Structures are given as C-alpha cells and as structure tokens.
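Let's take a walk through this protein together, from its overall outline down to a few places where its parts meet. Have your viewer ready and follow along.

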Amino acid sequence: MPANLTPQYFEAERLYKEATSPQERIHALKQMYAVIPKHKGTEKLQADIKRKISKLTEDIDQTKKAGRRHSDYVKRDGAGQIVLVGPPNAGKSSLIDALTHATPEVAPYPFTTTKPLPAMMPYKDIQIQMVDMPPIGVDYYEAWLSNIIRDCDIVLLVIGIDDLDPDGSAKAIAEHLETASVELTAEGEAASDGLDFRAIKKKTMLALNKIDIEGAGIVKELLNPVIGDIPVLEISCSTGEGIEDLRQRIYDALAIVRVYTKIPGKKPDMDKPYVVAKGTTIIEFAAIVHRDFRASLKFARVWGHAKYDGLPVEKGYVLDEGDVVELHT
Ligand SMILES: Nc1nc2c(ncn2[C@@H]2O[C@H](COP(=O)(O)OP(=O)(O)OP(=O)(O)O)[C@@H](O)[C@H]2O)c(=O)[nH]1
Ligand SMILES: [Mg+2]
C-alpha cells in the first residue's frame, strides 16, 4: 500500500532534518506524527516516529539528571555539613583554604567560584565537611543553590568588612533564600527530609572576614538589624585571626559528641571515635554500634568522668564529649 505522504508531512520532515537540538527534533517529530496519514501503509513509519520521540525524551531526561547531580547535590561526608554562603569576594574560598587542605581558586575579583566545592575540615580526630559555593548577589542567584542550603546542617554566612554595602548584601541573600522558603536563624530547626518544600529555619553563623582591615565595628552595626541574634565571629583569612576559634564554634554548633568504645578486658580504641548527636543515651548508642545491642545490652561502663571512672551506668545515661564506653551484652 502506498504511503501517500502529504506536503505537510514533508515540511515537518524537513524541519526534523534541519533541527539542531533534541528539543527541536522532538517538536518536528511530533508534527510529523500529527500530520501523517493514519493507515496501514504508514504503520511502520508511525512506529518509527514514536520510537524516535521516546528515545530523544529519554536522552533529555538523562542529561537533566546528570546535570542536577553535578550541581545541586553535594554528597555528605564526615561529621556534619557546613555550607558557605555570601556575596561575591567576601572570602569564602579563602576560608575554605584556611580551614581545610583544599586549594580553591581565590581571586581579587568577584564570581571566582562557579560550582560547589566540598572539602574536609579536620577537627581534633574527626572531619567536618565544608562546602565552598558560588556567591549570591542582589542580581545574582541560581535556584539550585537553595537545594544545597536546604540540605546542610549549618549555613556559614561570610561577609567581608570591605563590602561597600554589607547590610544590603546580607538582605539580598536573605531575600533570595526566602523565595526558596529558607530562613537563616541562630537556632535553626531539625533538618527536613529534603523532599518537602515547607519553610525551614537553618542554623546560621556569620563569619565577618577581613578584620585585618579597619572598620569591623561599623560593619557590625550596619549588619545588626539584618542578622538579628545570629552569632558573629570576627576572622581574618589573611592573618589567621579567629580561624581556630571558628573551627571550634562550628563543631559546637553541630551539637555532636565524640565517643570511644572499649572491648571488655582490652584497651580503648582511641583511633576513631563514634560521632553521635548530643543527648544520645547509652542504649541508643548501643544500637548505633550494633543493631542487636539494643536488645542484648546488659550494662555499660563509662570512663571519662571522674564521677563514673569505670563505673556501670544506667541505660539512660547521656553520653558526654570524649566518653569511653564499654558495652556488656
Ligand atoms: N585583607 C584581606 N583580604 C582577604 C581576606 N580573605 C580574603 N581576602 C581577599 O578577598 C578576595 C576574594 O577572596 P575569595 O576567597 O576569592 O572570595 P570569594 O568569597 O570566594 O569570592 P567569589 O568566589 O567570587 O564569591 C581575594 O583577593 C582575597 O585575597 C582577609 O581576611 N583579609
Ligand atoms: Mg570563591
């Protein structure tokens, strides 16, 4: 049976052949499918068009997914995730350089950083993940940044005291994040599951950078009404002033404790602590060490407190920083 293809069909086919992007190709194929005479003689051709449309659609989806993985998700690592947020040129990358072993690009001009860059910050015997980010400015914001910010544990706002409009910069960031339903606050709230888009409060600290330059006092006064009770830490990536204090404050803000384990009759394993949320009890900790331990735990001994040195403790005992725990099952 002859196909009897129409001039409209040949016109759509011409557009398909000339198309330069997958989207244009799909558009032309759909046009071809719409105008093709539907009878037995064109069945093979119809099936062929449909197959091409679904293949191209799949390809576009794959590219989109791959693109997203690259930019709006940072795989968690270490004991917590801190995301650096700030206007251009504030010193975010310089701070990553000061706190981690990473060597991000630092430059005297704005918009140096274009992609999120995770790096590990050592703190005592653990590692905390710090994520360098592209800047957020009045006219400069990419929606995917808010996905990373929603997922992190703590936002570290970085503002340089050489910023010509520090309160304007802080306001612009707060407003951009507000449109993504993220509010920067001192206390924050328990992490969302990352799926829902209800408004969330993120625990935030402000690193006021470049205090080697004059004028920190004025900038702080300007920022006060914008940042409210968000804690301010004065630092200089150039001289190192305040950097070690900041490292400690980041750890404290994560509200975690380091806990070591000990097998009965053996020396404690002081190489690698467990990192657990502040407030974790012995019975909860036992379940973290091994899921069967919640049921089988008979008692536990704790070292670390003069009060408890090696003494058995209740299952509801709340673990403290540096405790050594011996679980008896
Ligand atoms: N005086 C002084 N300059 C600093 C300090 N920290 C960073 N700088 C300078 O500020 C400029 C910008 O630093 P970056 O670390 O690239 O800033 P950024 O926030 O990552 O910038 P973008 O990636 O563009 O958002 C560079 O010239 C740094 O040398 C500091 O503590 N004191
Ligand atoms: Mg940078």
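This is a predicted model: local features need pLDDT of at least 70, side-chain atom pairs count only at pLDDT 80 or more; totals for chains, interfaces and linings use all residues.

The protein contains 10 helices and 12 strands. Along its principal axes, the C-alpha trace spans about 95 × 60 × 35 Å. How does the radius of gyration of the protein compare with that of a compact globule of 329 residues? The globule would have a value near 20 Å, whereas the protein has 28 Å.

Helix α1 covers residues 7–18 and helix α2 covers residues 22–35. Their axes come within 8 Å and cross at roughly 165 degrees. Since angles over 145 degrees count as roughly antiparallel, α1 and α2 are therefore roughly antiparallel to each other. Their crossing is left-handed.

Helix α6, residues 166–179, packs with helix α7, residues 216–227, at an angle of about 25 degrees, and the two axes are 8 Å apart. An angle under 35 degrees counts as roughly parallel, so α6 is roughly parallel to α7. The crossing of α6 and α7 is right-handed. On the α6 side, the meeting residues are Pro-166, Asp-167, Ala-170, Lys-171 and Ala-174; from α7 come Val-219, Leu-222, Leu-223, Val-226 and Ile-227. In the contact of α6 with α7 there are 8 nonpolar and 2 charged residues, and no polar ones.

Finally, let's visit the ligand. Which residues come nearest to ligand 1? Of the 23 residues around ligand 1, they are Gly-91, Ser-93, Ser-94, Thr-113 and Pro-135. Helix α4, residues 92–99, supplies the largest share of this shell, with 3 residues. By class, the shell around ligand 1 divides into 10 nonpolar, 10 polar and 3 charged residues.

Conventions
Residues are numbered from 1 along each chain as its sequence is written. Chains are lettered from A and ligands numbered from 1 in the order in which they are written. Axes are lines fitted to C-alpha atoms, for helices over the stretch in contact, and angles run from 0 to 180 degrees between N-to-C directions. Helices (H or I, at least four residues) and strands (E, at least two) are DSSP runs, numbered from the N terminus. Angles under 35 degrees count as roughly parallel, over 145 as roughly antiparallel, 65 to 115 as roughly perpendicular and the rest as oblique. A crossing is left-handed if the near helix is turned anticlockwise from the far one by less than a right angle, and right-handed if clockwise. A residue is near a molecule or strand if its C-beta atom, placed from the backbone, lies within 6 Å of it. Ala, Val, Leu, Ile, Met, Phe, Trp, Tyr, Cys and Pro count as nonpolar, Asp, Glu, Lys and Arg as charged, and the others, Gly among them, as polar. The radius of gyration is taken over C-alpha atoms; the globule rule is 2.2 Å times the number of residues to the power 0.38. Two residues are in contact if their C-beta atoms, placed from the backbone, lie within 7 Å.
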